[in-house]
Amino acid sequence: MSDTGPEMNEPEALAAEHALGVLTAPERAAAERRMASEPAFARAVDAWRRRLAPLGMETTAVAPSDEVWPRIERALPVNDNNPQLARRLAFWRSATVGAMGLAAASLMVAVYLGNRPPVVIPAEAPAAMPMLNASLNTEGGQPLFVASYDPVRQALIITSLVPPGTDPLHVHQVWLIPPEDGVPRSLGMVEPGTAKTVPLDASISDLAHEGTEIAVSVEPPGGSPQAGPSGPVAAIGALGEI
Amino acid sequence: MPAVTADDLSALMSRVAAGDREALRQLYQATSSKLFGVCLRILSDKDESEDVLQEVYVTIWRRADRFDAGRASVMTWISTIARNRAIDRLRARGPLAHAEQIDEMEIADGAPSATALLESADQVGALQRCLAELDDRTEQAIRTAFFEGVTYEALAQRLDTPLGTVKSWIRRGLMKLKGCLEP
């Protein structure tokens with residue numbers, strides 16, 4: 001590219017392009033992974049984000065509708081990054097039933113016995129439960145799907161990076177493969193280019209942990225006619241904390 | 001609404017990291033219009049932008065402990081989350097999403113301004129000056145890429161210019177920008 005003048009070195013250019021947002025979905029996923037494994041690259045992306053941030057201030061502010069905040073509030077898990085969580089749980093346990101938030105409500109069960117005051121039976125405090133993530137890659141290392149398991153909601157969120165409309169003659173079936181027995185459990189289909197939240201039954205959510213593999217196979221319409229995948233596995237990856 | 005300063009946001013963010021829902025609500029009140037504007041500009045769809053906005057604040061709640069004031073201001077950090085989520089959603093529509101110019105969005109009046117939250121006016125001014133030093137088409141390409149979150153491919157299609165040329169304009173433009181901002 002001698003006629004285009006001086007060029008940035010490759011990692012610097014990639015960092016700038018990632019911060020600017022011009023990369024494709026697989027390139028973005030690759031850049032995110034590189035940020036996680038290469039601190040120097042992560043710093044370069046951060047520096048570019050800072051440089052470009054003032055541009056964002058030109059965006060016109062638009063008020064979202066009033067329904068959004070209540071939706072957010074309902075979706076909030078107990079955040080597990082709280083150094084004071086233990087103390088707050090202790091407070092909740094000792095508190096009588098009052099105006100409790102959703103999080104508190106999920107931690108205890110109020111039992112009414114005749115006309116006696118309510119007795120609060122504290123449930124065991126949940127352990128810290130971070131999201132588990134997996135990048136589902138092809139054999140060649142290209143990410144085609146991203147999966148996140150939310151242990152609080154006991155749901156797997158699967159996002160297809162496959163362009164919509166790709167291969168209308170087949171469907172993409174999602175599988176959960178625990179290391180315990182290596183038997184694939186079907187989690188249903190995901191449409192190209194969409195994201196989907198799959199609630200997991202307790203029997204399956206127990207199997208969603210670090211090291212469990214999530215795979216996607218290419219199947220005839222309606223899904224695999226057999227218990228496990230019948231078509232080729234397009235992409236696979238293991239859940240882990242990222 | 002009283003003006004919220006960058007320091008107020010930092011204080012709110014440490015309370016959010018400590019699991020304080022009221023602090024998240026205040027952060028939402030102070031910043032949601034700005035972040036919704038970012039999502040809407042990229043996605044140009046109200047419902048989808050509200051879905052993304054919800055994901056953004058849940059992400060902020062989950063990851064508040066990872067916020068590092070030494071690496072970014074609160075506004076930069078949460079705007080980056082919003083841009084990334086919106087761009088991920090846009091990418092899911094395919095590589096040529098928004099290759100066609102979209103009509104100017106209808107912007108509601110009276111939304112609270114986030115001006116007080118900004119990076120310092122100096123930084124805004126410096127970036128403006130440096131962008132103005134680029135040739136017009138490069139400046140336009142960089143602005144379009146930033147505001148609308150489109151890929152090189154979509155940009156090339158929209159500008160009716162070969163992909164390699166657009167890529168080269170932007171890369172050289174970014175390099176000049178860096179040199180101008182950090183001489």
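For the angles used below, axes are lines fitted to C-alpha atoms, for helices over the stretch in contact, and angles run from 0 to 180 degrees between N-to-C directions. Helices (H or I, at least four residues) and strands (E, at least two) are DSSP runs, numbered from the N terminus. The model is predicted: local features need pLDDT of at least 70, side-chain atom pairs count only at pLDDT 80 or more, and totals for chains, interfaces and linings use all residues. Residues are numbered from 1 along each chain as its sequence is written, while chains are lettered from A and ligands numbered from 1 in the order in which they are written.

**Exercise 1. Determine at what angle helix α4 of chain A and α3(B) pack, and classify the arrangement.**

Step 1. Helix α4 (residues 68–75) of chain A meets α3(B) at an angle of about 45°, and the two axes are 9 Å apart.

Step 2. Angles under 35 degrees count as roughly parallel, over 145 as roughly antiparallel, 65 to 115 as roughly perpendicular and the rest as oblique. α4(A) and α3(B) are therefore oblique to each other.

Step 3. A crossing is left-handed if the near helix is turned anticlockwise from the far one by less than a right angle, and right-handed if clockwise. For α4(A) and α3(B) the crossing is right-handed.

Step 4. Two residues are in contact if their C-beta atoms, placed from the backbone, lie within 7 Å. On α4(A) the contact is made by A:Val68, A:Arg71, A:Ile72 and A:Ala75, and on α3(B) by B:Glu50, B:Leu53, B:Gln54, B:Tyr57 and B:Val58.

Step 5. Ala, Val, Leu, Ile, Met, Phe, Trp, Tyr, Cys and Pro count as nonpolar, Asp, Glu, Lys and Arg as charged, and the others, Gly among them, as polar.

**Exercise 2. Describe in the same terms how α3(B) and α4(B) pack.**

Step 1. The angle between α3(B) and α4(B) is about 135°, with their axes 9 Å apart.

Step 2. α3(B) and α4(B) are therefore oblique to each other, and their crossing is right-handed.

Step 3. α3(B) contributes B:Glu48, B:Val52, B:Glu55, B:Val56, B:Thr59 and B:Ile60 to the contact, and α4(B) contributes B:Ile78, B:Ile81, B:Ala82, B:Arg85, B:Ala86 and B:Arg89.

Step 4. By class, the residues of this contact divide into 7 nonpolar, 1 polar and 4 charged.

**Exercise 3. Which elements of chain B give two or more residues to the side that touches chain A?**

Step 1. The contact takes 62 residues from chain B and 51 residues from chain A.

Step 2. The elements in question are α2 (21–43), α3 (46–63), α4 (74–91), α5, α6 (136–148), α7 (152–159) and α8 of chain B. α2(B) gives the most, with 11 residues.

Step 3. On this side of chain B there are 33 nonpolar, 14 polar and 15 charged residues.

Step 4. From chain A, the buried residues of α1(A) pack against α6 and α8 of chain B, together with α2 (25–37) and α3 (39–56) of chain A.

**Exercise 4. Is B:Glu148 buried or exposed?**

Step 1. B:Glu148 is placed in helix α6 of chain B.

Step 2. A residue is buried if 20 or more other C-beta atoms lie within 10 Å of its own, exposed if 12 or fewer, and partly exposed in between; C-beta atoms are placed from the backbone. B:Glu148 has 22 C-beta neighbours inside 10 Å and so counts as buried.

Step 3. Apart from its neighbours within four places in sequence, B:Glu148 is in contact with B:Arg41, B:Ile42 and B:His98.

**Exercise 5. State what confidence the predictor assigns to the complex and to each chain.**

Step 1. The complex receives an ipTM of 0.87 and a pTM of 0.60.

Step 2. pLDDT is the predictor's confidence in each residue, from 0 to 100. Chain B averages 85, with 87% of the residues scoring at least 70. Over residues 105–117 of chain B the pLDDT is below 50.

Step 3. Chain A has a mean pLDDT of 77, and 75% of its residues reach 70 or more. In chain A, confidence is lowest in strand β1 (residues 108–111), at a mean of 36, and highest in α1(A), at 94. Over residues 79–127 of chain A the pLDDT stays under 50.
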